[in-house]
Amino acid sequence: MATAQEQVGLSAMGLDCDLRQISVYRYRVTIESGVDEKESQVQQTRKAARLAAKSNRWQPVTDVGHYAVVALQHLDSLNIDAFGFKCSLEPEGEVALQAARDEERGAIERLLNQDLHRAAFNFARNQDPSIGRPLKASRHPAGWVEIEEANPSERVRAKSAYLELFKTLQITPELLPSGQVILGLSVRHKICAKDGITLDWVINKRPDWLKNIKRVRHRYIVQGKPPGVADFHGLANDKTADSAVPGTPHTLYSYHEEKGHIQPGQAEIVHASHVVKVSYGRKDTFDHLGALLEPMFDFETLQKIDSPLLNRMARDLKWPIMDRLRVSGEMVKGLFLPGFRAKVVPIEPLAEAAGNIRPPFRLRFHSGRTDDTEKAVLKLGAFRGMTRAQVVCLAVGTRVSSDALSQHFYKLRESCQRISADPLPKWLGLTASKPLKNVMELDKRLTNTPPENTLLVIAIDKAANKAEIRDVAFRHKLACQFMLTDHHPKTYQKPITTIWRPVCSVKAVV
């Protein structure tokens with residue numbers, strides 16, 4: 001059996017240099033115009049850094065404080081004027097960043113991630129197609145670097161009229177305090193709408209899918225960022241592309257036309273587009289044009305809209321681990337980071353990297369007793385009791401009766417008390433009211449936000465979209481724990497199971 005060190009080595013790479021200390025060039029930022037009052041100082045500084053990088057041939061630039069940025073090389077262009085945002089950079093000299101310092105290590109990681117993106121872009125652009133499948137590089141909205149095969153995966157034989165699957169490698173850098181770099185590699189298949197498959201296409205050709213389309217992606221790029229992603233809330237049937245955009249002199253069509261979002265030859269299609277409602281992680285919804293958006297497909301959505309296709313694809317998506325590791329290694333072979341002047345290489349030595357990712361630990365339970373599994377809480381008791389001010393019990397989308405829900409919630413509270421040596425906090429909603437129908441009702445219910453130190457216990461069944469419910473709770477800054485109502489009859493026969501792990505505490509002893 002492979003050791004933990006060997007497993008880390010197989011699924012990660014490193015650099016052929018040490019980043020314990022790096023020299024960078026520091027600049028003071030003065031914003032002259034285009035300030036968004038809703039943005040924090042950190043957001044404003046990072047916008048300046050991003051636009052400074054763009055204006056300097058994508059040299060890595062990041063923030064190191066309010067209105068202070070650093071770059072790996074001297075910046076030639078110090079006056080930034082892009083997308084209505086204008087600022088200037090004043091050189092403050094050369095400084096050193098230390099990996100041993102938390103904030104400086106974070107800045108080095110951000111520079112490293114930017115240089116990785118530049119390296120991946122150069123690697124894909126300069127690849128010799130005669131020695132491998134063509135590649136393209138991109139940056140995921142969450143920030144990490146992705147290298148994607150430009151042609152659909154040969155592993156998936158199932159064909160579709162509206163989507164394709166591509167092998168995609170995610171690269172996430174981690175810098176240790178020692179200066180060692182670990183590049184985590186994760187290869188998977190990415191589902192993408194085929195070219196020309198827009199949200200408007202779904203509305204016209206597959207209207208029955210709309211209730212299951214949860215997220216959409218922009219078909220254009222703004223300020224050099226990756227295409228934006230939005231939550232889809234349905235059609236705005238009372239509006240057209242000629243409807244006014246509130247607070248502007250524009251119609252929806254002229255707004256996107258002025259922003260350069262409409263591709264050549266697409267004007268007529270976009271002008272005839274349906275208007276839809278979208279949101280961007282907040283409660284407010286905005287009008288958008290379906291022809292400028294594409295549906296985002298995932299396995300959960302496919303199960304609902306086209307399960308026969310998903311079943312055909314699933315046979316080919318079984319990917320042996322050694323094949324995954326071989327493919328990920330091939331996709332980064334020859335990758336070179338120009339800013340750090342570093343090559344991507346296998347990790348040597350492995351011991352420190354493995355210890356950082358999989359540290360040896362013991363869990364401490366009540367009265368100082370220890371074990372190495374969380375389930376030991378059933379016999380040893382929790383290290384400490386619940387720290388939440390209150391627990392609120394809710395149900396979303398389940399058809400279980402209020403009496404049955406109430407019985408579940410009471411049993412849960414009793415189980416928590418059995419493993420906790422301390423009194424429990426106040427529990428609300430034990431006598432369950434009628435379950436909320438969907439996330440919209442949950443969002444409305446949470447508008448009267450309970451104290452931040454509240455834990456939601458949410459009863460659902462297997463058909464519920466747990467991620468969507470969780471996201472609503474998180475938008476209200478509330479932690480949540482889920483309980484299945486349609487579980488196997490034996491699931492809750494023990495006093496408590498791992499589904500309740502976060503309710504009481506154990507402590508890791510490293």
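Colleague: Is Y280 buried, exposed or partly exposed?
Modeller: Y280 is partly exposed, at 35% relative accessible area. Buried means under 20%, exposed over 50% and partly exposed in between, using a 1.4 Å probe and protein chains only. This is a predicted model, where local features need pLDDT of at least 70 and side-chain atom pairs need 80 or more, while totals for chains, interfaces and linings use all residues. Residues count from 1 along each chain as its sequence is written, and side-chain values use heavy atoms, without hydrogens or water.

Colleague: And how about F286, what's its relative accessibility?
Modeller: F286 comes in at 43%, so it counts as partly exposed too.

Colleague: How many aromatic pairs are there?
Modeller: Six. Y280 and F286 make a tilted one, 6.2 Å centre to centre with 50° between the planes. Rings of Phe, Tyr and Trp (its six-membered ring) pair if their centres lie within 6.5 Å; planes under 30 degrees apart are stacked, over 60 edge-to-face, and the rest tilted.

Colleague: Which residues do ring pairs link into a cluster?
Modeller: Y162, W201, W209 and F297.

Colleague: Switching topic, which residues of α9 are buried?
Modeller: L325, V327, S328, M331 and V332. They fall within an arc of 165° seen down the axis of α9, so they line one face of the helix. That arc is taken from the directions from the helix axis to the C-beta atoms. Helices here are DSSP runs of H or I, at least four residues, numbered from the N terminus.

Colleague: What comes just after α9?
Modeller: G334, with a positive phi of about 90°.

How values were computed:
Helices (H or I, at least four residues) and strands (E, at least two) are DSSP runs, numbered from the N terminus.
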